[in-house]
Amino acid sequence: MTLQAAVAPRSKLPDVGATIFSVIGELVNRYQAINLSQGAPSFSPDPKLIDGVTAAMQAGFNQYAPMNGVVSLKEILAEKVKRLYHRQYDVTDEITIAGSASEGIYASISALVHPGDEVIYFEPAFDSYSPVIRLQGAVPVPIRLQLPEFAINWDEVAATVTPKTRMIIINTPHNPSGQVLSADDLQALARITHDTGIMILSDEVYEHIIFDGKSHCSMATHSELANRSVIVSSFGKTFHVTGWRVGYCLAPKALMDEIRKVHQFLMYAADTPFQHAIAEYMCDPQTYLTLSSFYQQKRDLLVSELANSPLQLLPCSGSFFMLASYQHLSDESDLQLVQRLIRENRVATIPLSAFYADGYDPKLIRLSFAKDEQTIRQGAQALSSVTFARG
């Protein structure tokens, strides 16, 4: 037996390769393409926030933070949640600062889902949900959102629930469709989970990016759902610092106790100076309450710039993503189109098929408007010059 054969690993995710974001990122660099693909802002955060990190470092906050998070950040977060969603979370036992929302999602699924359990989630979906479920020996159960509205068919959800259903994953505002759940959706979810042991994992990282006067219906706004929910959100998305990797979890103590058992071995604690800086920055609620209007202007700019494009834009009620349909223009697969757009038009988007476990292709591409105005205009101009042909 060769050394190579002796150490060959047995993969837990044999069908998983590099994410579409890594693949597109490499192509963007190779072709120097305008980047409307990545959900990361192309503009700088508020200098006050950066200065806050520097001040925290100079003040000596450079060692491990408390495992559950810096108290001042948890306190300001509890105040925000109570003010916006009318739910009081205990600072000591029900709030944990995570090393990114992704870490919070992983810790929650790992802590609460067991081998053989079933986890319902909705596609198109952020690409980490299914692999993380599978790593626990559990079974991912995707339900397709109804196109073109990307609505949840709650009758289908009720029919899909089995005695093995352990968790339902919700994402609102939704990536990649930009749709948001309503109070009626929450009521339907509550009816389905009433008198069950089903837990809700609610991915609410775009909670402050809601358009057209709509409200964010957090699980925290519904008392019955809040009692069975883990809410995960992101400071990085809110404050344009996705590279800082700081997020948080909210959950009743019984659920949070289990999540912290995993969190302490994944991260132990999120980055210390960033937590202190964010806590001070959030003392002014306008730092996050103005986010909806800020991104709505960018959404509207993209829509305006693509007014003469052959693409058909789908409505977007939240997040910083918008979907565009080319079904009426071409039979190309979305991956082929996205790769062609990068090579020939020097503009990068994301194929929607990457958000389906089975590669379902409804001929839609995802555009990010979390960009500076010049990038949005240049990207829209490039997309408007695309040629399409059937056959």
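## Basis of the model

Helices (H or I, at least four residues) and strands (E, at least two) are DSSP runs, numbered from the N terminus. This is a predicted model, in which local features need pLDDT of at least 70, side-chain atom pairs count only at pLDDT 80 or more, and totals for chains, interfaces and linings use all residues. Residues are numbered from 1 along each chain as its sequence is written, and side-chain values use heavy atoms, with hydrogens and water left out.

## Overall fold

The protein chain holds 16 helices and 13 strands. Its radius of gyration is 21 Å, close to the 21 Å that the globule rule gives for 391 residues, so the chain is as compact as a globular protein of that length. (The radius is taken over C-alpha atoms; the rule is 2.2 Å times the number of residues to the power 0.38.) Along the principal axes, the C-alpha atoms fill a box of roughly 60 × 60 × 50 Å.

Of the 391 residues, 56% count as buried. Buried means under 20% relative accessible area, exposed over 50%, and partly exposed in between (1.4 Å probe, protein chains only).

## The second largest pocket

This pocket contains about 580 Å³ of space. It is lined by 22 residues, and Val16, Asp127, Ala354, Tyr356 and Ala357 are the closest to its centre. Strand 3 (118–123) and helix 6 (129–135) each supply at least two lining residues. Helix 6 gives the most, with four. By class, the lining has 14 nonpolar, four polar and four charged residues.

The terms are as follows. On a 1 Å grid over the protein atoms alone, a pocket is an open set of points where a 1.4 Å probe fits, with protein on both sides within 12 Å along at least five of seven lines; lining residues have an atom within 4 Å of a point. Grid points are joined across faces, edges and corners, and a volume is the space filled by probe spheres set on the points. Ala, Val, Leu, Ile, Met, Phe, Trp, Tyr, Cys and Pro count as nonpolar, Asp, Glu, Lys and Arg as charged, and the others, Gly among them, as polar.

## The largest pocket

The largest pocket has a volume of about 690 Å³. Its lining comprises 32 residues, with Phe21, Gly39, Phe126, Lys237 and Arg245 nearest the centre. Helix 2 has the largest share, five residues. The lining counts 12 nonpolar, 15 polar and five charged residues.

An open sheet has the strand order 9-10-13-12, with antiparallel pairing. Strand 9 (312–313) and strand 12 (350–351) stand at the edges with a single partner each, so one side of each lacks a neighbour in the sheet. Strands pair if DSSP finds at least two bridges between them. Two bridges join strand 9 to strand 10 (residues 321–325). Leu313 stands opposite Ala324 in strand 10.

Ser319 is found in the loop between strand 9 and strand 10. Ser319 is buried, at 0% relative accessible area. Its phi is positive, about 75°, although it is not a glycine.

Most residues other than glycine have a negative phi, and most peptide bonds are trans. His86 has a positive phi near 60°. It is found in the loop between helix 4 (71–85) and strand 2 (95–98). His86 is exposed, with a relative accessible area of 68%.

Two cis peptide bonds involve proline. The bond from Leu147 to Pro148 has omega near 5°. The bond from Asn175 to Pro176 has omega near 25°.
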